[in-house]
Amino acid sequence: NDYDMRVLRTYLQFFFSSDVISKNPQRKLAKNVSLPTEANHAEYLRIINDLGDSDNPALFQLPANIDRALQKTNSINVINSLKVLTVSSGASERFQRERWE
């Protein structure tokens with residue numbers, strides 16, 4: 001998908017620019033996340049292990065409510081799927097295992 005590739009390229013340019021990964025970085029990788037200025041494997045592992053389990057949407061230049069928007073989209077998709085199942089189940093009153101697999 002062309003759009004996804006453009007987004008990926010933009011993120012790569014933003015996060016891995018010389019402003020972030022040089023010996024004298026001008027900005028941090030993310031809030032409270034600075035990359036080591038030396039090639040120290042243990043320091044990189046420490047930074048990775050200190051990262052949270054979920055990302056702050058601001059890290060990716062997304063609005064704070066993006067999670068709610070995603071949840072709404074997923075909910076709409078589930079509801080639409082259930083409607084399709086309801087309509088198709090009207091044609092046959094018995095459960096058909098093959099349709100669920």
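**Reading the model step by step**

Mentor: Let's begin with the fold: the protein chain has five helices and zero strands. Helices (H or I, at least four residues) and strands (E, at least two) are DSSP runs, numbered from the N terminus. Along the sequence the pattern reads α-α-α-α-α. This is a predicted model, in which local features need pLDDT of at least 70 and side-chain atom pairs count only at pLDDT 80 or more, while totals for chains, interfaces and linings use all residues. Residues are numbered from 1 along each chain as its sequence is written, and side-chain values use heavy atoms, with hydrogens and water left out.

Trainee: What share of the residues in the protein chain is buried?

Mentor: Buried means under 20% relative accessible area, exposed means over 50%, and partly exposed lies in between (1.4 Å probe, protein chains only). Here, buried residues make up 9% of the 101 residues. Among contacts with a separation of 6 or more, residues 24 or more positions apart account for 15%.

Trainee: Which residues make a nonpolar surface patch?

Mentor: Patches are made of residues with over 30% relative accessible area and no salt bridge; like charges are joined within 9 Å, and nonpolar side chains (Val, Leu, Ile, Met, Phe, Trp, Tyr) within 5 Å. In this model, Met 5, Leu 8, Leu 12, Phe 16 and Ile 21 make a nonpolar patch of about 470 Å². Helix H1, residues 2–15, gives the most to this patch, with three residues. Phe 16 lies in the loop between H1 and helix H2 (18–21), and Phe 16 is exposed at a relative accessible area of 51%.

Trainee: How do I read the length and the start of H1?

Mentor: For length, the expected span of a helix is 1.5 Å times one less than its number of residues. H1 has 14 residues and reaches 20 Å from its first C-alpha to its last, close to the 20 Å expected. For the start, look for a cap: a side-chain oxygen of Asn 1 lies 2.8 Å from the backbone nitrogen of Tyr 3, capping the N-terminal end of H1.

Trainee: How many salt bridges does the count come to?

Mentor: A salt bridge is a side-chain nitrogen of Lys or Arg within 4 Å of a carboxyl oxygen of Asp or Glu. The count comes to two. One joins Glu 43 and Arg 46, with the closest N and O atoms 2.6 Å apart. The other is between Asp 50 and Arg 46, at 2.8 Å from N to O. Together, these shared partners join Glu 43, Arg 46 and Asp 50 into one network.

Trainee: Why can residues a few places apart in a helix point the same way?

Mentor: An α-helix has 3.6 residues a turn, so residues three or four places apart point the same way. In helix H3 (residues 41–50), Glu 43 and Arg 46 are three residues apart, about one helical turn. Asp 50 and Arg 46 are four residues apart in H3, again about one helical turn.

Trainee: What joins the side chains of Ser 17 and Arg 27?

Mentor: A polar contact is a pair of N or O atoms within 3.5 Å; within protein, one must be able to donate a hydrogen and the other to accept it, and residues adjacent in sequence count only if both atoms are side-chain atoms. Such a contact, of 3.3 Å, joins these two side chains. Ser 17 is in the loop between H1 and H2 and is buried at 18% relative accessibility. Arg 27 sits in the loop between H2 and H3 and is partly exposed at 26%. The side chain of Arg 27 also has a polar atom 2.3 Å from the backbone oxygen of Phe 14.

Methods: Contact means heavy atoms within 4.5 Å. Accessible areas come from the Shrake-Rupley method with a 1.4 Å probe; for residues, only the protein chains shown count as cover.
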